[in-house]
Amino acid sequence: MKKLLLAAVSLVVLLAAIVIIRTLMFTPPEHEATNTITHAPDADVLAGHLAEAIQFPTISRQDPDAGDVAAFDGFIAWFEATYPAAHTAMNRTLIADHTILLEWRGRDTSARPVLLTAHYDVVPVIPGTEDQWEQPPYAGIIADGYVWGRGALDDKGAIIAMMEAATMLLERGFQPQQTVYFSFGHDEEIGGRVGAASVVEYLRERDIQLAWSLDEGSFVLDGLIPGLDKPVAMINVAEKGYVTIDIVASATGGHSSMPPGDTAVTTLAAALVKLRDAPVPGGLDGVSGEAYSSLARHMPFTQRMAFANQWLFGGMIEGMLTRLPAGNAMLRTTTAPTMLSASIKENVLPITATATVNFRLHPRDTVDSVVAHVENAIGADNIEVIARRGNNASPVASTTSAGFEAMVAATHAVFGEVAIAPGLTVAGTDSKHYALVADDAYRFHPFVLGPDDITTIHGTNEKVSIANLVYATDFYIELLSSLERYTAP
Ligand SMILES: [Zn+2]
């Protein structure tokens, strides 16, 4: 008996030792200690240029014919006049009339080029909310250390920072190691099917495969990740796919005064409950696990212990993350019923009842596998599952590539001791196109954003701090001037 107790105690001690040792070893990767550098871009020039760019109401509307072509033409003319050095040193091509592509020849034309991209179209201001803006959305007002207006964060600010970085490098007589492309899209907010897609076509026709591309999709997040007391640079390595599915229940119909026990509506309701109870399976594998593991290395002991010992605590972690909408979206393909329709009249039983359900696809799933999951989960004869147009998630970019390393180094150089993690963009960007011609497509803007900033994207009072424009310019200068050190073998 004594021996048995001793064995049990030894086992517990051993387990505890393993858990603790693994936790102590679970630390962030080392990086060269840096004092945060700045190339001292002129903050007034940055703010002034962005303020001017915002004054072109380059709004993407769902109906492309409703767009204000003059605003797009005006922006392109302004862009050319504002960045003369870049237009002298680089070849400019207008793709599909309005997407700007700049080619900056590298010293080594045999090396795979890289692409920095952003878009200058913006979403409309929701009619009726204009009064809620502290500064008018298209006036380009500079106040309180911010440049205000639609497109400041999404996504004209990045264009201004990229072009200022290129201009400063050109002033130093710099030529990049490999060829650098800048692509500034005009229809990202409606899918990039004309702009970014045509750039991809253009590159393909010339047999150009990019080493990597860098687009919008995430930021340096400050105070947005629970349990982390330092900012996190989320360099997103993939974006989720998208499919909308109509679930259609059928029945005989008739007068509502003598209804049968089940109607199209109750059949549909039962199907939706089944779907809620059968979420698409998810987990901490792949990009989701890599993201959380990178973050957890910077967290307090308890969280580190859990993530360092997923063999013991994996189930518990998944359960906790699943209960948080943001955590759940990282772990799996999400299921969101959004629209319902049935009878046309209150006293007529419907012949069909339809629920529209929007899914955001995790990279491990495909449109077909999600449709199959829905059919299995519902499994009824009088229900049809009809997929509308959809697209799979993007490929997952490498976190060990030369490009990723260069971005990590530039991030530490500019922002110092921040946590860096690969992430998953849950919305769509032009990179779904660029990933077709890039070995690795990344999504990250070097702006530090807090909870109040994030909500202004596509929302009211969109603005970017001038400090962020300076950070971003520094970041792009660091990134472009380090290409030599971070070139794929
Ligand atoms: Zn955007």
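For sorting residues by class, Ala, Val, Leu, Ile, Met, Phe, Trp, Tyr, Cys and Pro count as nonpolar, Asp, Glu, Lys and Arg as charged, and the others, Gly among them, as polar. Keep in mind that what you're looking at is a predicted model.

With that sorting in hand, let's start at the second largest pocket. About 680 Å³ of space lies in this pocket, and its lining splits into 12 nonpolar, 10 polar and nine charged residues. There are 31 lining residues in all, and if you want to find the centre, look for Glu30, His31, Val408, Ala409 and His412, which lie nearest to it. Helix 8 (286–296), helix 13 and strand 16 (419–425) each bring at least two residues to the lining. Helix 13 gives the largest share, seven residues.

So what else does helix 13 touch? Helix 13 (residues 402–415) packs against helix 16 (residues 466–481), with an angle of about 135° and the axes 9 Å apart. Because of that angle, helix 13 counts as oblique to helix 16. The crossing is right-handed.

The structure has one cavity of 30 Å³ or more, and the largest cavity holds about 30 Å³. Its lining is made of Ala251, Thr252, Gly253, Pro260, Thr263, Ala264, Leu349 and Pro350. Five of these lining residues are nonpolar and three are polar, with no charged ones.

Notes
Residues numbered from 1 in each chain as written. Predicted model: local features only at pLDDT ≥ 70, side-chain atom pairs only at ≥ 80, totals over all residues. Heavy atoms only, no water. 1 Å grid on protein atoms, 1.4 Å probe; cavity = no way out; pocket = protein on both sides within 12 Å on 5 of 7 lines; lining within 4 Å. Points joined across faces, edges and corners; volume = space filled by probe spheres on them. Axes fitted to C-alpha atoms, helices over the stretch in contact; angles between N-to-C directions. Helix = DSSP H or I, 4+ residues; strand = E, 2+ residues; numbered from the N terminus. Parallel < 35°, antiparallel > 145°, perpendicular 65-115°, else oblique. Left-handed = near helix turned anticlockwise from the far one by under 90°.
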